[in-house]
Amino acid sequence: PPVIRREDYLPPAWLIPEIALDFALGLDETVVVSKLSVRRNPDGNGTATLRLNGDQIAPRAVTVDGTALNDWKLDGPDLLIELAGDAHEVAIETVLNPAANSQLMGLYASNGMLCTQCEAEGFRRITFFPDRPDVLSTYSVRMSGDKATFPILLANGNCTAEGEGEDGTHWAEWHDPWPKPSYLFALVAGELVANHATFTTMSGRRVDLNVWVRPGDEGRTQHAMDSLIASMKWDEETFGREYDLDLFNIVAVSDFNMGAMENKGLNVFNTRYVLADPDTATDADYDAVEGVIGHEYFHNWSGNRVTCRDWFQLSLKEGFTVLRDQLFSADMGSEPVKRIEDVRVLRIAQFPEDSGPLAHPIRPDSYQEISNFYTATVYNKGAEVIRMMRTMAGEEAFRKGTDLYFERHDGTAATCEDFVKAIEDGTGLDLARFRLWYSQAGTPQVSARLEHDGRIARLALTQTVPATPGQPEKAPMPIPLRIALFDRDTGTHAGEHLVILDGDEGSFAFEGFDKPPVLSINRGFSAPVAIEMEREDEDLVFLAANDDDPFARYEAMQSLVLQHLVAAVGGGLDEARRASGRAAIGRAMKAIVTDPELDDLMRGELMILPAESYLAEQLLVSDPGVIHAEREALKAWLGLELADELKALHDRISAVPYSRDAAARGARKLKTQALVLIASGDAGEGAARAIAQYRKADNMTDRQGAVMVLAGLDCPEREEALADFLARYEGNALVIDKWFSLQAGSFHPRVLEQIHALAQHDEFRMSNPNRVRSLYMAAAVNPQAFHDASGAGYAMIGELIRKLDPINPQTAARFVPALGRWRRVEPGRAAMMRAELEKIAAVPSLSRDVREQVTKSLG
Ligand code: HT7
Ligand code: ZN
């Protein structure tokens, strides 16, 4: 497949200021007539050839200025039309079969309704068009169809007319006044009901809001609506951004490749990020709904009003919008807890990507299939990079920068460089070297050393940015680190400093210390780097108990455990050191479990042990079996050592009644965490408490937590809970997804066997991405299943990729990175992982999506 390069960007030769689309809707056959006003771009290359992208479609009729054209050409999937003048009207008819569209890109059928997904290159599966984000058009849409099948007809913008047709049909016309790229086009038709509300914007405009779902689901939409209203208000207050249409529609669909899509005025969502009630959604699900609703809404400015010039600029909209949704969720709940969660996701998903064969900068230089670049790097590291600018500028100056960005680039397709320049001009920062964060991949490693001499504490820092594919040499990047120096006796510090490590090395002196202070570094995770520092256990125990930055407190606890487990995995712990390491962790954990000053949400964060993938990340090559065994052994030791405290904690919080307030949510989070440790130490006690929690549960958080613990145990209570759960939620797809993933993610000794059986279950569907992910993504991230020493886990994921690729290549490609990490795994397993990749590569008809990921992973 051809490689598309950022440096080859050329402006479009032809522009399409207006497009009128007519859809005659049917599930098996939809006829599309597209009328384009085509104008020569004065900044283009002057060619007479109009290239319109297509993908698995054929033109049934083409006219130019009203005259039928027969000498159009196809160049691969693209339609080429020769145009004599500078302005023409081109009309094209295509015929689609939405029911046969299993890729879920373009126009497809889901549960009897029709919907579209056009980002990144789905519009070309509907009609021929210059399907690139820098071609902005005003869209008018007419659709007609059977009224009983499609009672609700929606598209972008406002509904301008509707009426009845013949033979039980009806029609609607929609117009979107805001010029937009084709990836933001959307249409939905089907049987839907709405939760309706209104919002009055800061300038006093009334906006109609609808959350559309399938009949029967409307009782689970209020949280989505509340989140939408909160997002609209927050964006006005925090970024000065007002909504710009009279209508905002959200539609929930059950077959969807990703989380949601920010189509102008008509967001389409995976049901998973819309539907929530206490009986079926956990507290984490509630948070995810709020975060994704916010994310898509915020795109209205960061993505829609200012869009991307080309797909290499994806982080311009995604990184910035992730930062905006993170800040929103922090303001809606607990800021420190949100920060810890975001960093955990970064470390689990992005750090491994950045150190593996698929590493790429947040602004990639080339791609074969753009869908493969909707990554944790572009999204989450992209957000971290912008967050660093905010940290260096301060909140107020940063707002001046974003105001300038929106003002300068409103209505245009912009670049990451435009964004950085606006932040530079708006804040006064010099970001010349900072731009390296956009072009260099790899997680910088910062080593820190603190020396004490007389009354001076001196911090010596060095950085290296590891080599990544195509980037053997790296330049040092500016790294902003928030630090504090603690007095050991008082447990306090004299104020935080922001130091910027701008070269390979830096040294920073701080006066006024009679004794060596304790260093708290990268507070708030001010830079997305890995800090390397030799630390005494006692210093970490001190910070875990005393640091006034909650993130740093969490970090100290993580480092304490990490340091111990890395040594254990490396075989470097004799019995005495193992005992002293465990004792330090036990002391710190006991202090956390019993600290009356801590709120339970934060206590829950502090009690989480580092993930196995993050542990593996600390080692060049590791044995996943040993990592798993050591981490489980520590959990079991903690469960026994703190048995009394954990049981007392579980008893206390089990008495807290259900409510959505922070205290009750904290209690629920902790309840399951306590249960996990209790069960690790004593399976019998764990099973008894888990089944009691299950039977008593009046909400999904408690119920799911109990099933999660039981799913990993070999006990009769496991079967009782799983059978009851399945029967209780029959017909509720999102909860049945949970039933699959709870089992596939468990550490049960026969988990692989169970996953194979689940793949044969009546409820399993290869055509539904949520269901596929619920079984197989849960398995791929479960070390016990995936890294089974026999290689059966790798074979299972390899087979899935080969089976899924012809159905849904985008979803299939998402499973490749798990196998792609073979170089970091011990040789026996590495050979089996590589062999699976080779088996996939040998499939002749592989999609571009999977081919790119597999080739790079083998490379
Ligand atoms: N901007 C949206 C991206 C998206 C997408 C991309 C490829 C294939 C399917 C997709 N569905 C949605 C999601 C977002 O970041 O807001
Ligand atoms: Zn997004």
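Strand S4 and strand S8 (residues 78–82) pair in the antiparallel sense, over four bridges. By pairing I mean that DSSP finds at least two bridges between two strands. Strands here are DSSP runs of E, at least two residues long, and helices are runs of H or I, at least four residues long, both numbered from the N terminus. Opposite Thr 49 stands Glu 82 in S8. The open sheet that holds this pair has three strands, in the order S4-S8-S7, with antiparallel pairing. Its edges are S4 (49–52) and strand S7 (73–75), each of which pairs on one side only. On average, neighbouring strands of this sheet are turned by 30° against each other, direction ignored.

Before going further, the ground rules. This is a predicted model, in which local features need pLDDT of at least 70 and side-chain atom pairs count only at pLDDT 80 or more, while totals for chains, interfaces and linings use all residues. Residues are numbered from 1 along each chain as its sequence is written, and chains are lettered from A and ligands numbered from 1 in the order in which they are written.

The domain assignment gives domain 1 (1–190), domain 2 (307–439), domain 3 (445–527), domain 4 (532–638), domain 5 (642–725) and domain 6 (729–859). Such bounds come from an automatic or database domain assignment.

Next, strand S12. Strand S2 (residues 14–24) and strand S12 (residues 137–146) run parallel and share seven bridges. The partner of Asp 22 there is Arg 142 in S12. S12 also pairs with strand S15 (residues 169–180), this time antiparallel and over nine bridges. In that pairing Ser 144 stands opposite Trp 171 in S15.

UniProt, in an unreviewed entry, has an annotation "domain: Aminopeptidase N-like N-terminal" over residues 101–184. UniProt positions are in the numbering used here, feature names are shortened, and annotations may be inferred rather than shown by experiment. Over residues 101–184 the chain is 0% helix and 51% strand, with its end C-alpha atoms 19 Å apart.

Now a five-stranded sheet. Its order is S17-S18-S19-S21-S20, and it is open, with mixed pairing. Which strands are at the edges? They are strand S17 (193–200) and S20, each pairing on one side only. Helix H1 (residues 222–239) packs on this sheet, where it touches S17, strand S18 (206–213) and S19, and its direction makes about 25° with that of S17. Contact here means C-beta atoms, placed from the backbone, within 7 Å. Axes are lines fitted to C-alpha atoms, for helices over the stretch in contact, and angles run from 0 to 180 degrees between N-to-C directions.

Within the sheet, S17 and S18 are antiparallel, joined by eight bridges. Ala 197 stands opposite Leu 209 in S18. Their hairpin has five residues between the strands, and Gly 204 takes a positive phi near 90° in it. By contrast in sense, strand S19 (residues 247–253) and strand S21 (residues 266–270) run parallel and are joined by five bridges. Val 253 has Asn 270 in S21 as its bridge partner.

UniProt, again in an unreviewed entry, places "domain: Peptidase M1 membrane alanine aminopeptidase" at residues 224–434. That stretch is 55% helix and 9% strand, and its end C-alpha atoms are 38 Å apart.

Towards the end of the chain, the centres of domain 5 and domain 6, taken over C-alpha atoms, are 29 Å apart. Seven residues of domain 5 are in contact with nine residues of domain 6. On the domain 5 side, helix H18 (residues 700–711) gives the most, four residues.

Finally, the ligand. Which of the 15 residues around ligand 1 come nearest? They are Glu 119, Asn 257, Met 258, Met 261 and Ser 371. A residue counts as near if its C-beta atom, placed from the backbone, lies within 6 Å. Two elements give two or more residues to this shell: strand S20 (260–261) and helix H2 (283–298). Domain 1 and domain 2 each supply at least three residues. By class the shell has five nonpolar, six polar and four charged residues. Ala, Val, Leu, Ile, Met, Phe, Trp, Tyr, Cys and Pro count as nonpolar, Asp, Glu, Lys and Arg as charged, and the others, Gly among them, as polar.

Technical notes
Contact = placed C-beta atoms within 7 Å.
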